Amino acid sequence: MEKYLFIALLSITMLAGCVGKTNSNFDEETVNKARDTVKSYLYNNYENIRTVDFSDDLSDPMGGLMIRGTVNGKAGFSASVDPKEFTVNSLGEKEGFPKVKDECKEKVCDY
């Protein structure tokens, strides 16, 4: 019985550690530079980007830097950013997100 209780408590503790991490461990300068990188990436690689707005949610269960927001006031995104090189590692697009520019489909355009 004690064995099962220990396993349950350990599991809950580990889960709480992953879920409870809602703020970033990155300083404001790093976050702002990452946001500038994401904004440049979006404007240079996607069609018809008029506005980019960011949320305050920087959480990433793996400890990386995740930038979230919306484009054109409606389509959400989340971008994983390398906090050392300030490059976009990946971009998650929600419904209604603009299309990638033709010239940027095979290779990421400069940003």
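A: The account below goes from strand pairing to the helix and then to the core.

The model is predicted: local features need pLDDT of at least 70, side-chain atom pairs count only at pLDDT 80 or more, and totals for chains, interfaces and linings use all residues. Residues are numbered from 1 along each chain as its sequence is written, and side-chain values use heavy atoms, with hydrogens and water left out.

Start with the sheet. It is open, has four strands in the order β1-β2-β3-β4, and pairs antiparallel. Strands are DSSP runs of E with at least two residues, helices are runs of H or I with at least four, and both are numbered from the N terminus. Two strands pair if DSSP finds at least two bridges between them. β1 (52-54) and β4 (87-93) are the edges; each has a single partner strand, so one side of each lacks a neighbour in the sheet. From one strand to the next, the twist averages 35°. Axes here are lines fitted to C-alpha atoms, for helices over the stretch in contact, and angles run from 0 to 180 degrees between N-to-C directions.

Now the pairs. β1 and β2 run antiparallel and share three bridges. Phe54 stands opposite Gly69 in β2. Seven bridges link β2 to β3, again antiparallel. Ile67 has Ala79 in β3 as its bridge partner. Ala79 also stands opposite Leu91 in β4. β3 (residues 75-82) and β4 pair over six bridges. The β2-β3 hairpin has three residues between its strands, and Asn72 in the turn has a positive phi of about 55°.

Next, the helix. α2 (residues 28-45) lies across β1, β2 (65-71), β3 and β4, at about 50° to β2. Thr37 is in α2. Thr37 counts as buried because its relative accessibility is 11%. Buried means under 20% relative accessible area, exposed over 50%, partly exposed in between (1.4 Å probe, protein chains only). Beyond its neighbours within four places in sequence, Thr37 contacts Phe86, Thr87, Val88 and Tyr111. Contact means heavy atoms within 4.5 Å.

In β2, five of seven residues are buried. The largest nonpolar core has 20 residues; Val38, Leu42, Val71, Phe77, Leu91 and Phe97 have the most contacts inside it. α2, β2, β3 and β4 each supply at least two of its residues. α2 gives the most, with five. Such a core is a set of buried Ala, Val, Leu, Ile, Met, Phe, Trp, Tyr and Cys residues joined through side-chain atoms within 4.5 Å.
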